[in-house]
Amino acid sequence: MIKLTILNMRKFTILQPENKGFNYKMFDTYFILGLEHIVNLKGYDHIIFLITLCAVYKVKEWKPLLILVTAFTIGHSLTLVLATLDYMHINAKLIEVLIPVTILISAIINIIYPTQRKLMAVKYGLALFFGLIHGLGFSNYLSMLLSKEHSLVMPLFGFNTGVEGGQILIVITILLISYMILRCTSVKFRDWVFLLSGMGIGTSLIMIIDRI
């Protein structure tokens with residue numbers, strides 16, 4: 001039995017599986033850790049990326065946004081698993097710099113092409129690639145948690161599911177906030193896109209400079 005103190009300093013007890021059945025306690029533990037990792041404001045780089053990713057979409061455009069987020073999910077799930085299982089070795093500091101770079105590129109594309117849907121195929125490819133980078137960032141954190149685990153399957157499944165749950169909550173929240181602001185105020189959609197994307201550019205540049 002191992003005690004972990006993480007994020008909000010709550011203690012979680014990680015139980016090793018005693019049988020081959022579904023270990024609900026271990027799944028719940030890592031699900032919570034994954035969820036808290038993505039929504040924790042201390043890890044705001046991933047949140048800023050999702051805000052930038054969603055900036056050019058309205059609630060009624062949820063389908064292309066869903067595909068975009070799915071591409072991002074596939075990318076970060078792949079590298080999260082490969083890096084955690086020690087099949088990939090990439091400098092952690094480089095990844096920490098590349099994550100805000102993904103925010104910067106996404107924000108610039110938003111400003112240049114705020115309503116351009118002909119670039120969706122390109123955006124899907126970028127979302128997949130950016131997901132690969134963010135997954136490596138997730139893996140650095142998860143690897144520290146798994147250092148004393150005998151089995152990695154359930155922790156990986158639980159943590160990744162928790163990350164996805166948190167990601168969905170963030171995307172839904174962004175869409176609802178955008179909907180309320182655009183509907184209840186005189187703010188125009190293009191101005192809203194510029195505001196969110198400008199925030200993404202400013203924040204990402206600060207992070208890049210700080211991490212170099």
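Buried means under 20% relative accessible area. The legends below apply that cut-off to a predicted model.

**Figure 1. Confidence along the predicted chain.** The model is predicted, and the mean pLDDT of the protein is 82. Of its residues, 86% reach 70 or more. Among the elements of the protein, helix 7 has the highest mean pLDDT, at 94. The lowest mean, 35, belongs to strand 1 (residues 2-6). Over residues 1-18, pLDDT stays under 50. For that stretch the model has 49 contacts beyond four places in sequence. Where pLDDT is low, the predicted coordinates should not be read in detail.

**Figure 2. Arg-211 and its two salt bridges.** The structure holds two salt bridges. One of them pairs Asp-45 with Arg-211, with the closest N and O atoms 3.3 Å apart. This pair links distant parts of the chain, since Asp-45 lies in helix 2 and Arg-211 in helix 7 (residues 189-211), 166 residues apart. Arg-211 also forms a salt bridge with Glu-96, and here the closest N and O atoms are 3.4 Å apart. That pair again joins distant parts of the chain, with Arg-211 in helix 7 and Glu-96 in helix 4, 115 residues apart. Side chains of opposite charge can pair when their charged atoms come close.

Figure 3. Glu-96 counts as partly exposed because its relative accessibility is 29%. Asp-45 has a relative accessible area of 7% and is therefore buried. Both partners in the Asp-45 and Arg-211 pair are buried.

**Figure 4. The surroundings of Asp-45.** Asp-45 has its place in helix 2. Leaving out residues up to four places away in sequence, Asp-45 touches Glu-96, Ile-99, Ile-103, Met-207 and Arg-211. Among these, Arg-211 is the salt-bridge partner of Asp-45, and Glu-96 is in turn bridged to Arg-211.

**Figure 5. The largest cavity and its lining.** The count comes to one cavity of 30 Å³ or more. The largest cavity holds about 110 Å³ of space. Its lining consists of Thr-52, Leu-53, Val-56, Tyr-57, Leu-68, Ser-106, Ile-109, Asn-110, Lys-123, Leu-126, Ala-127 and Phe-130. By residue type, this lining divides into eight nonpolar, three polar and one charged. Helix 2 (44-54), helix 4 (92-112) and helix 5 (120-145) each supply at least two residues of the lining. Helix 5 gives the largest share, four residues.

**Figure 6. Pro-64 and its contacts.** Pro-64 is found in helix 3 (residues 62-84). The relative accessible area of Pro-64 is 23%, so this residue is partly exposed. Apart from neighbours within four places in sequence, Pro-64 is in contact with Tyr-57, Met-120 and Tyr-124. Pro-64 and Tyr-124 are 60 residues apart in sequence, and their C-alpha atoms are 9.4 Å apart in space. Tyr-57, another contact of Pro-64, is also one of the residues that line the largest cavity.

Notes: Residues are numbered from 1 along each chain as its sequence is written. This is a predicted model: local features need pLDDT of at least 70, side-chain atom pairs count only at pLDDT 80 or more; totals for chains, interfaces and linings use all residues. Side-chain values use heavy atoms; hydrogens and water are left out. Buried means under 20% relative accessible area, exposed over 50%, partly exposed in between (1.4 Å probe, protein chains only). Contact means heavy atoms within 4.5 Å. On a 1 Å grid over the protein atoms alone, a cavity is a set of points where a 1.4 Å probe fits but cannot get out, and a pocket is an open set with protein on both sides within 12 Å along at least five of seven lines; lining residues have an atom within 4 Å of a point. Grid points are joined across faces, edges and corners, and a volume is the space filled by probe spheres set on the points. Ala, Val, Leu, Ile, Met, Phe, Trp, Tyr, Cys and Pro count as nonpolar, Asp, Glu, Lys and Arg as charged, and the others, Gly among them, as polar. A salt bridge is a side-chain nitrogen of Lys or Arg within 4 Å of a carboxyl oxygen of Asp or Glu. pLDDT is the predictor's confidence in each residue, from 0 to 100.
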